[in-house]
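This briefing covers one protein chain.

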Amino acid sequence: MYKKYPQPKVQRIGEEYFKNLNKMRVQLSNGDVMVIEKGFIHDYTSVPFFVKPFFKKFSKGDMGAVAHDYMYTFGMYAKEDGTVVTVSRERADYEMAFLMRVYGDGTIRVYLAHLAVSIFGWLRWGKVIRQVL
């Protein structure tokens, strides 16, 4: 059975970034519970300009965007027991789309988000968002 966890409390940092004020958990498609520690800085959903009209900054599927940012930043995730699992860019993209659907984003939004990261994700893969501000 899939478990939905609550959205993290966040603090806005500047115009584009947000900092998790508490630990965040999401259950991935394979059943693993991914843990994102308090203090992780992310941009929720950032998309190319040509699909921005279809996206508001916040949506039901933001948990997918934050998990995606974490996997893109570090190329891995930590499970609740502390085990570290490495991920490919494709897996991170898949999990984002999966979580967006689970948390209630519509089919068109999920499709466009997945298409955007599939095409343009290489620009951000492995680039660490400055974690100390």
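Which residue in S2 is the bridge partner of valine 10? The partner is asparagine 20. The model is predicted: local features need pLDDT of at least 70, side-chain atom pairs count only at pLDDT 80 or more, and totals for chains, interfaces and linings use all residues. Residues are numbered from 1 along each chain as its sequence is written, and side-chain values use heavy atoms, with hydrogens and water left out.

**Overall make-up**

- The chain holds 3 helices and 7 strands; helices (H or I, at least four residues) and strands (E, at least two) are DSSP runs, numbered from the N terminus.
- Along the sequence, these elements follow the pattern β-β-β-β-β-α-β-β-α-α.
- Of the 133 residues in the chain, 47% are buried, where buried means under 20% relative accessible area, exposed over 50% and partly exposed in between, with a 1.4 Å probe and protein chains only.
- Among contacts with a separation of 6 or more, 61% are between residues 24 or more positions apart; contact means heavy atoms within 4.5 Å.

**The sheet of S1, S2 and S5**

- An open sheet of 3 strands runs in the order S1-S2-S5 with antiparallel pairing; two strands pair if DSSP finds at least two bridges between them.
- S1 and strand S5 (41-42) are the edge strands, and each pairs on one side only.
- Strand S1 (residues 10-13) and strand S2 (residues 17-20) run antiparallel and are joined by 4 bridges.
- One of the bridge pairs sets glutamine 11 against lysine 19 in S2.
- The hairpin of S1 and S2 has 3 residues between the strands, and glycine 14 in its turn has a positive phi of about 70°.

**The sheet of S3, S4, S6 and S7**

- A second open sheet has 4 strands in the order S3-S4-S6-S7, and its pairing is antiparallel.
- Strand S3 (24-27) and strand S7 (84-86) stand at the edges with a single partner strand each, so one side of each has no neighbour in the sheet.
- On average, neighbouring strands of this sheet are turned by 40° against each other, direction ignored.
- S3 is joined to strand S4 (residues 33-36) by 4 bridges, and the two run antiparallel.
- Within this pair, arginine 25 stands opposite valine 35 in S4.
- The hairpin of S3 and S4 has 5 residues between the strands, and glycine 31 takes a positive phi near 95° there.
- Strand S6 (residues 76-79) runs antiparallel to S7, and 3 bridges join them.
- Tyrosine 77 has valine 85 in S7 as its bridge partner.

**Packing of H1 and H2**

- Helix H1 (residues 62-74) and helix H2 (residues 89-102) have axes that come within 7 Å and cross at roughly 170°; axes are lines fitted to C-alpha atoms, for helices over the stretch in contact, and angles run from 0 to 180 degrees between N-to-C directions.
- H1 and H2 are therefore roughly antiparallel; angles under 35 degrees count as roughly parallel, over 145 as roughly antiparallel, 65 to 115 as roughly perpendicular and the rest as oblique.
- On the H1 side, the contact includes Met63, Ala67, Met71 and Tyr72, which meet residues of H2 including Ala92, Met96 and Leu99.
- The residues of this contact between H1 and H2 divide into 8 nonpolar, 2 polar and 3 charged; Ala, Val, Leu, Ile, Met, Phe, Trp, Tyr, Cys and Pro count as nonpolar, Asp, Glu, Lys and Arg as charged, and the others, Gly among them, as polar.

**Packing of H2 and H3**

- H2 packs with helix H3 (residues 107-120) at an angle of about 165°, their axes 10 Å apart.
- That angle makes H2 roughly antiparallel to H3.
- The crossing of H2 and H3 is right-handed.
- Residues of H2 including Tyr94, Ala97 and Met100 meet residues of H3 including Val110, Ala113 and Val117.
- By class, the contact of H2 with H3 has 8 nonpolar, 2 polar and 4 charged residues.

**Tyrosine 72**

- Tyrosine 72 lies in helix H1 and is buried, with a relative accessible area of 5%.
- Its C-alpha atom is separated by 7.1 Å from that of arginine 124, 52 residues apart along the chain.

Methods
A crossing is left-handed if the near helix is turned anticlockwise from the far one by less than a right angle, and right-handed if clockwise.
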